[in-house]
Amino acid sequence: MNAPKIKFNNAAGYDRMMGVWSQLIGDIFLDWLSFEEEGCWLDIGCGTGAFTQQIKERCAPSEIIGVDPSDVQLEFARTRKGMGDCIFQSADAMALPFENQKFDSSTMALVLFFVPDPAKGLSEMIRVTKKNGTVSAYVWDILGGGFPAEPIQAGLRAMNYEYALPPSVDISLMDNLKECWENAALQSIQTRVFEVERTFNDFEDFWEITSNSASIKSVLADMDKEKQSELQNLVKQQLPESANGAIRYSPWANAIQGVVK
């Protein structure tokens, strides 16, 4: 059975699953990031606009543009409260439609492993960022077990089911991420690992939200009820419940930033 491709065609479900995780990571990422208030920001691969909204609320940007290849995601982003003055537009991360040195800060939140050529994506970020501007990214440590849906993916692996991975999943490893930034000759490179925790009401809450992961939905769609039940039992074994039935889960992401010389 060939692994299906990852498709983002349910913006609301994606936002409930990954948008919440993105903002949990985004809070501590922005605390760590070097930037000047009232700067001009670019959020590449903005998706549903969860992180874009955090930039607006936390960084007081003079202008913020979010770009993404998915029209469905962009339409959802435009509906976010208080985002009416933000620009959301369709664009390819490897061919950004902006002039050189337009932005003070350019970032990719949970996106770089979806870019077919991460080095090209980084070079485009650098091109559109001003000298002494910040270029940054964070990615789930997928290969290291840091992805929020890892308990389900581990169950699928145990059952010999294939599931889709991002096309450039290797960039999720910190060593590869750092090498990419170093090869681009960025200055003042810093790296951090950020772990966050999310509490789910119970296993059903965890399953309903987390199975909305784009890498899992299409696999479940082709799985009969008996196999789904087997998978759920495997996942439950990895997620001990607290006394009230709640489940706490803690994934982590690798983060990097550098300065354009």
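Residues Pro151, Ile152, Ala154, Gly155, Leu156 and Ala158 of helix H5 meet Leu231, Leu234, Val235 and Gln238 of helix H9, where contact means heavy atoms within 4.5 Å. By class, this contact of H5 with H9 holds eight nonpolar, two polar and no charged residues. Nonpolar covers Ala, Val, Leu, Ile, Met, Phe, Trp, Tyr, Cys and Pro; charged covers Asp, Glu, Lys and Arg; the others, Gly among them, are polar.

The model is predicted: local features need pLDDT of at least 70, side-chain atom pairs count only at pLDDT 80 or more, and totals for chains, interfaces and linings use all residues. Residues are numbered from 1 along each chain as its sequence is written, and side-chain values use heavy atoms, with hydrogens and water left out. Helices (H or I, at least four residues) and strands (E, at least two) are DSSP runs, numbered from the N terminus.

The axes of H5 (residues 150–158) and H9 (residues 225–238) come within 9 Å and cross at roughly 125°. Axes are lines fitted to C-alpha atoms, for helices over the stretch in contact, and angles run from 0 to 180 degrees between N-to-C directions. H5 is therefore oblique to H9. Angles under 35 degrees count as roughly parallel, over 145 as roughly antiparallel, 65 to 115 as roughly perpendicular and the rest as oblique.

Helix H6 (residues 174–183) has the buried residues Met174, Leu177, Cys180 and Trp181. Buried means under 20% relative accessible area, exposed over 50%, and partly exposed in between (1.4 Å probe, protein chains only). These four cover an arc of only 125° around the axis, so they lie on the same side of H6. The arc is that of the directions from the helix axis to the C-beta atoms. They pack against H4, strand E5 (129–140), E6 and strand E9 (252–259). The face of H6 turned away from this buried side carries the exposed residues Asp175 and Asn183. Just after H6, alanine 185 takes a positive phi of about 60°.

Two further residues other than glycine have positive phi. Leucine 110 has a phi near 60°. Leucine 110 sits in the loop between strand E4 (103–109) and helix H4 (118–127), and is buried at 6% relative accessibility. Serine 188 has a phi near 50°. Serine 188 belongs to strand E6 (residues 187–195) and is exposed, with a relative accessible area of 54%.

Alanine 77 lies in helix H3 (residues 71–77). Its relative accessibility is 0%, so alanine 77 counts as buried. Beyond its neighbours within four places in sequence, alanine 77 contacts Gly47, Thr48, Gly49, Met83 and Phe88.
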